[in-house]
Amino acid sequence: MPALLAAGGLGSAMATGALAVGLRIQDRPVDFTTSSLYGTQYGAAVVDQEVVRPDGTAGSVRVLRMGFADGVLNGLCLSQRQQIAGATYTLLLTLGDDNPGSWEIRTQNTVLDLRNATGELDMDGIVDLNVNGADVRTVKDAAGAYVPNPLGAPQHRFGIQARYAKFDRISGTAQDFQIPGLLTTPRLKLSVRPGTVACPTPAAPTGTPGTP
């Protein structure tokens, strides 16, 4: 079974509703929805993500890798199908509250590999389209300098750079979802349900997110 949570205390995270160990979805695609995602120092680039095929052989898929230095989310649902003893089950992970105006989930150094997504996008500051993906910058090192090529993009791939980006009412499929830094949320729920269960359609956000 693929790892849903990075190494750390899932039991304590469930009890406290907060994860300080980070989050990683891996091994196979995961469907997700969120009312809104807002982040600073946004970057994206086309990359080849390594995957393991159903027959166990290695391969790759082309994805749009997005990165944020700091971000806030207004609710998050992750849905991943599993085959257990020949039957289909869905691992359903939900984070956050039910308030469409709270942006209650905080993250650092978020990386999301998108296979497809729909929603509304707003970018501001100096927005650069079709920059070299390897030149995109998102996070800084301990000395305050930008980390070179944080998205691991090959040279001469399509890239986007913006001071901030806000995505509303996103529904999509991600090949990989990583939050190696801080992740805090007031509520976290993990369940295994029989059959195929989809995340609910995200509600429209209200108000304005706070600064990450």
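1. Strands here are DSSP runs of E, at least two residues long, numbered from the N terminus. The model is predicted. With that naming, S2, strand S4 (76–84) and strand S5 (87–95) each give at least two residues to the lining of the largest pocket. S2 supplies the largest share of that lining, three residues.

2. The largest pocket holds about 370 Å³ of space. Its lining has 20 residues, and those closest to the pocket centre are Gly 75, Leu 76, Asp 97, Asp 98 and Pro 200. By class, the lining of this pocket is made of seven nonpolar, nine polar and four charged residues.

3. Which residues line the largest cavity? Phe 32, Thr 34, Leu 37, Phe 68, Leu 73, Leu 76, Thr 107, Thr 110, Leu 112, Phe 177 and Ile 179 do. Eight residues of this lining are nonpolar and three are polar, with no charged residue among them. Leu 76 is named in the lining of the largest cavity and also among the residues closest to the centre of the largest pocket.

4. Thr 107, one of the residues lining the largest cavity, is found in strand S6. Thr 107 counts as buried because its relative accessibility is 5%, under the 20% limit. The side chains of Thr 107 and Thr 110 are joined by a polar contact of 2.7 Å, and Thr 110 also belongs to the cavity lining. Beyond its neighbours within four places in sequence, Thr 107 is in contact with Asp 70, Gly 71, Leu 73, Ile 179, Leu 182 and Leu 183. Of these partners, Leu 73 and Ile 179 are named in the lining of the largest cavity too.

5. The model has one disulfide. Cys 77 and Cys 199 form this link, with their sulfur atoms 2.1 Å apart. Cys 77 is in strand S4 and Cys 199 is in the segment after strand S10 (188–194), so the pair, 122 residues apart, links distant parts of the chain. The link is left-handed, with -80 degrees about the S-S bond.

6. Two backbone angles deserve a look. Most residues other than glycine have a negative phi. Asn 130, in strand S7 (residues 128–132), has a positive phi near 65 degrees. The relative accessible area of Asn 130 is 57%, over the 50% limit, so this residue is exposed.

7. Arg 169 is also not a glycine and has a positive phi, about 50 degrees.

Terms used:
Residues numbered from 1 in each chain as written. Predicted model: local features only at pLDDT ≥ 70, side-chain atom pairs only at ≥ 80, totals over all residues. Heavy atoms only, no water. 1 Å grid on protein atoms, 1.4 Å probe; cavity = no way out; pocket = protein on both sides within 12 Å on 5 of 7 lines; lining within 4 Å. Nonpolar A, V, L, I, M, F, W, Y, C, P; charged D, E, K, R; others polar. Points joined across faces, edges and corners; volume = space filled by probe spheres on them. Helix = DSSP H or I, 4+ residues; strand = E, 2+ residues; numbered from the N terminus. Buried < 20%, exposed > 50% of the residue type's maximum accessible area, 1.4 Å probe, protein only. Polar contact = N/O pair within 3.5 Å; in protein donor to acceptor, adjacent residues only side chain to side chain. Contact = heavy atoms within 4.5 Å. Disulfide = S-S within 2.5 Å.
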